[in-house]
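Please have the viewer open while I talk.

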Amino acid sequence: MVFLHQIRPNFYFRLSDSNGYFMEKKQIIIIGGGAAGFFCAANLDETKFKVTILEQNSDVLQKVKISGGGRCNVAHARFDPRELVNFYPRGNKELLSVFHKFQPGDTMEWFENRNVPLKIEADNRIFPESNSSQTVINAMVNEVQKKGFEVRTKSVVLDIEKDENQYLVTTNTEKYAADYVIFTTGSSPKSLKLLQNLGHKIVDLVPSLFTFNIKNETLKDLMGTSFANAEVSIPQLKMEESGPMLITHWGLSGPAILKISAWKARELADLKYKFEIVVNFLGLEKETAEEIIVNFKKENPKKNIGSSKIFDITTRFFHRILWLSKIDLNKNISQISAAELAKILENLCENKMQVTGKSTYKDEFVAAGGVQLKEINFKTMESKILPNFFIAGEVLNIDAVTGGFNFQACWSESWLISKALNL
């Protein structure tokens, strides 16, 4: 039983509409002060609503701050919704209609209208021209402050109850009565438990966007070596991805690895992150690579193999390949045998490695799983289970590959919520 004197007041304000009648502001509680929660608040009508954002941490928008190495990868320059949804392993069908209403072009316009000019980089990722996530944070925080909305940090939501036409939200410090709840907590197990207690079905969480832990002589002591367009396949899952790749001190990372980890997040969890991969460091067909070496031999018959710059890879890495292939660096290239050539090509284009685990990608954590999508009305992002209860962001069973796509889902979903409520 919750007594009225325990509940934080609704902060109803008496306003006069165009006909002179008085209206009361409705109370909205936004649970989660991240990208989705703040963007939603920034687009809500302050003449209709009193809004309180509850954030459990001491700072808001923490994930925005660290995104893109502190530069904030706001979105990705894919302006056709039909193309954009192809970057979402989970939620692509549902997001198609969402992106038709608010897509990366709209995101760019929104921030630029608030004095945050954005730029599209060569790989189509979108960043603020300032190269600082703080400018993105400031735009949203300033908008929320201008509207007079309240932000309460260190507010941990412990319980949510449905009480006739309102929701009672209990935190570690206070109780709130809300006419509408907007749930944007991210994919933490405790948050999902709150929704489960209210009747929502939850798809179990598994990590997505992770790097591969590998101990292999090909990679040893070569941390920081990168490849412009590698190919990585998992034969057991019949899955292949391509793109930039990076050797790290724990194994392999970069877009090629992250994409395959996202698309096969559940299958790799089932394998307990122990599986074989085949790496093509060149991103070329083996026959094509062979032809390049043969032509180089014809044109440079007097060169030794160790000083030959045949492919767009570092000399240090090429020397490692030659060492694995048991070929003397000083050997004349014209004397390379067919068997030695085959070994070089195998190590470059069909290098088999055992993955023994995973690591979180930088400081960013994305999970596959969350609220079942069939329980959400994707016209408004309102729960089909709970009236006047809206859900957006990573708490949903929606996730994307790296490159600004996860943020775009947050912006678009939150914009739909604010539009639905503002009507």
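Predicted model: local features only at pLDDT ≥ 70, side-chain atom pairs only at ≥ 80, totals over all residues.

The chain is divided into two parts, domain 1, which covers 26-207 + 367-422, and domain 2, which covers 210-364, with bounds that come from an automatic or database domain assignment. Residues are numbered from 1 along each chain as its sequence is written, and side-chain values use heavy atoms, with hydrogens and water left out.

The C-alpha centres of domain 1 and domain 2 lie 39 Å apart, and the C-alpha trace of the whole chain spans about 95 × 40 × 35 Å along its principal axes.

How do the two domains meet? In contact terms, meaning heavy atoms within 4.5 Å, 16 residues of domain 1 touch 13 residues of domain 2. The area buried between domain 1 and domain 2 is about 1200 Å², with carbon and sulfur atoms giving 65% of it; buried area here is the accessible area (1.4 Å probe) that two parts lose on being put together, summed over both. Between domain 1 and domain 2 there are zero salt bridges by the rule, which asks for a side-chain nitrogen of Lys or Arg within 4 Å of a carboxyl oxygen of Asp or Glu.

On the side of domain 1 that touches domain 2, the elements giving two or more residues are α2 (62-70), β14 (202-208) and β21 (366-371), and β14 gives the most, with four residues. Helices (H or I, at least four residues) and strands (E, at least two) are DSSP runs, numbered from the N terminus, and the chain has 13 helices and 24 strands.

For the chain as a whole, buried residues make up 52% of the 423 residues, where buried means under 20% relative accessible area, exposed over 50%, and partly exposed in between (1.4 Å probe, protein chains only). Among contacts between residues at least 6 apart in sequence, 71% join residues at least 24 apart.

Finally, is asparagine 113 buried or exposed? Asparagine 113, in the loop between α5 (104-112) and β7 (118-120), counts as exposed because its relative accessible area is 55%. The C-alpha atoms of asparagine 113 and aspartate 80, 33 residues apart along the chain, are separated by 22 Å.
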